[in-house]
Amino acid sequence: MPREQVAQAEAAGGRWVPTKGNAEVLVLPGRDRPRIIAAAEDAAAYEPRLPFYDIVEEVVRDRAPGALRHVLRR
């Protein structure tokens, strides 16, 4: 969520409320019940599904020298 939208939500009465875990949620007051529009945590658990590091390493190793030579020839 962009900072500008967070600032607008806070200006509209939104507030950050801590949860039972390490997260906080940005809550907008509503007519019937509060609306949660964002959540934030200090650390996120992520298990990679694709080998991004390996892909990037291969591309850099294979293409970077040629690209560098091309730029240096100019």
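Me: How many helices and strands does the chain come to?
Reply: Two helices and three strands. Helices are DSSP runs of H or I with at least four residues, strands are E runs of at least two, and both are numbered from the N terminus. This is a predicted model, where local features need pLDDT of at least 70, side-chain atom pairs count only at pLDDT 80 or more, and totals for chains, interfaces and linings use all residues. Residues are numbered from 1 along each chain as its sequence is written, and side-chain values use heavy atoms, with hydrogens and water left out.

Me: In what order do the elements run from the N terminus?
Reply: The order is α-β-β-β-α. With a radius of gyration of 22 Å, well over the 11 Å that the globule rule gives for 74 residues, the chain is more spread out than a compact globule. The radius is taken over C-alpha atoms, and the rule is 2.2 Å times the number of residues to the power 0.38.

Me: What box do the C-alpha atoms fill?
Reply: Roughly 65 × 30 × 20 Å, taken along the principal axes.

Me: And what share of the residues counts as buried?
Reply: 12% of the 74 residues. Buried means under 20% relative accessible area, exposed means over 50%, and partly exposed is in between, with a 1.4 Å probe and protein chains only.

Me: Which residues make up the largest nonpolar core?
Reply: Val 6, Ala 9, Leu 26, Leu 28 and Ala 38, five residues in total. Both α1 (3-11) and β2 (24-28) supply at least two residues of this core. A nonpolar core here is a set of buried Ala, Val, Leu, Ile, Met, Phe, Trp, Tyr and Cys residues joined through side-chain atoms within 4.5 Å.

Me: What is Leu 26 in contact with, leaving aside neighbours within four places in sequence?
Reply: Its partners are Val 6, Ala 9, Glu 10, Gly 14, Arg 15, Trp 16, Arg 35, Ile 36, Ile 37 and Ala 38. Contact means heavy atoms within 4.5 Å.

Me: Of contacts between residues at least 6 apart in sequence, what share joins residues at least 24 apart?
Reply: That share is 8% for the chain.

Me: Switching to α2. Is Leu 72 buried or exposed?
Reply: Leu 72, which lies in helix α2, counts as exposed because its relative accessibility is 63%. Its C-alpha atom is separated by 17 Å from that of Asp 62, 10 residues apart along the chain.

Me: Where is Arg 69?
Reply: Also in helix α2. Arg 69 has a relative accessible area of 53%, so it is exposed. Between Arg 69 and Lys 20 there are 55 Å, C-alpha to C-alpha, and the two are 49 residues apart in sequence.

Me: Where is Ala 45 found?
Reply: In the loop between β3 (35-40) and α2 (52-73). Ala 45 counts as exposed, at 85% relative accessibility. The C-alpha atoms of Ala 45 and Glu 58 are separated by 26 Å, with the residues 13 apart along the chain.

Me: Last topic, charges. How many positive and negative side chains?
Reply: 12 positive and 11 negative, with the centres of the two sets 7 Å apart. Lys and Arg count as positive, Asp and Glu as negative, and His and the chain ends are not counted. Each charge is placed at NZ of Lys, CZ of Arg, CG of Asp or CD of Glu.
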